[in-house]
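Let's learn to read a protein structure by asking simple things of it. Have a look at the sequence and the model first.

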Amino acid sequence: MNIVEPILFQCKLNPIALAICVPGSKYGPVSYGMLERFIHNAARTAVKSGIAPGSLVATYINDTVLHTSLTLALMFSGVTTLSLRGPKPVAGITPDAILTDAPGKISGGVTALGVDQSWLEDV
């Protein structure tokens, strides 16, 4: 069992209950049912983008709901995640890719994949 499975259990148990509510997110309040869809859709999109289990992927995403959903999706997929506070990778750590909603700001020669709302939508 990985750390995301108890969250997905809660999603099945209480799909209409509030899961995430943060000010400033364009996604508004997110129910557990919606969070489950976000996790599965983002996981599928990550796999289609070439992110494999066992990879190290850094995230630099401004929207809290998008960031949380993608982090959970990556962890569910067996990917190690690292959340960045800025557009540069952490010194001494070379991720396989950086997922970001600001791809033009990434430096350091690491592959940057642009993420947006489409990663959370049904594919």
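Q: Is Cys11 buried or exposed?

A: We judge that by relative accessible area: buried is under 20%, exposed is over 50%, and partly exposed is in between, using a 1.4 Å probe and protein chains only. Cys11 has a value of 1%, so this residue is buried. Before we go on, note that this is a predicted model, where local features need pLDDT of at least 70, side-chain atom pairs count only at pLDDT 80 or more, and totals for chains, interfaces and linings use all residues. Residues are numbered from 1 along each chain as its sequence is written, and side-chain values use heavy atoms, with hydrogens and water left out.

Q: And what about Cys21, buried or exposed?

A: Cys21 is exposed, at 52% relative accessible area.

Q: How many disulfides does the whole structure have?

A: A disulfide is a pair of cysteine sulfur atoms within 2.5 Å. Searching the whole structure turns up zero of them.

Q: Which parts does the pair tie together?

A: Helices (H or I, at least four residues) and strands (E, at least two) are DSSP runs, numbered from the N terminus. Tyr27 is in the loop between strand S1 (18-20) and strand S2 (30-31), while Phe38 is in helix H2 (residues 32-48), so the pair links parts 11 residues apart in sequence. Tyr27 is buried at 12% relative accessible area, and Phe38 counts as buried too, at 10%.

Q: Which residues is Tyr27 in contact with?

A: Contact means heavy atoms within 4.5 Å. Leaving aside neighbours within four places in sequence, Tyr27 is in contact with Phe38, Asp63, Val65, Leu66, Asp116, Gln117 and Leu120.

Q: What does Thr71 touch?

A: Not counting residues up to four places away in sequence, Thr71 touches Thr59, Thr81 and Ser83. Thr71 belongs to helix H3 (residues 64-76) and is buried, with a relative accessible area of 14%.

Q: At what angle do H1 and H2 pack?

A: Two packed helices are described by the angle between their axes and the distance between the axes. Axes are lines fitted to C-alpha atoms, for helices over the stretch in contact, and angles run from 0 to 180 degrees between N-to-C directions. Helix H1 (residues 5-13) packs against H2 at about 135 degrees, with the axes 8 Å apart. Angles under 35 degrees count as roughly parallel, over 145 as roughly antiparallel, 65 to 115 as roughly perpendicular and the rest as oblique. H1 and H2 are therefore oblique to each other.

Q: Which residues meet there?

A: From H1, Ile7, Leu8, Gln10, Cys11 and Lys12 meet Tyr32, Gly33, Leu35, Glu36, Ile39 and His40 in H2.
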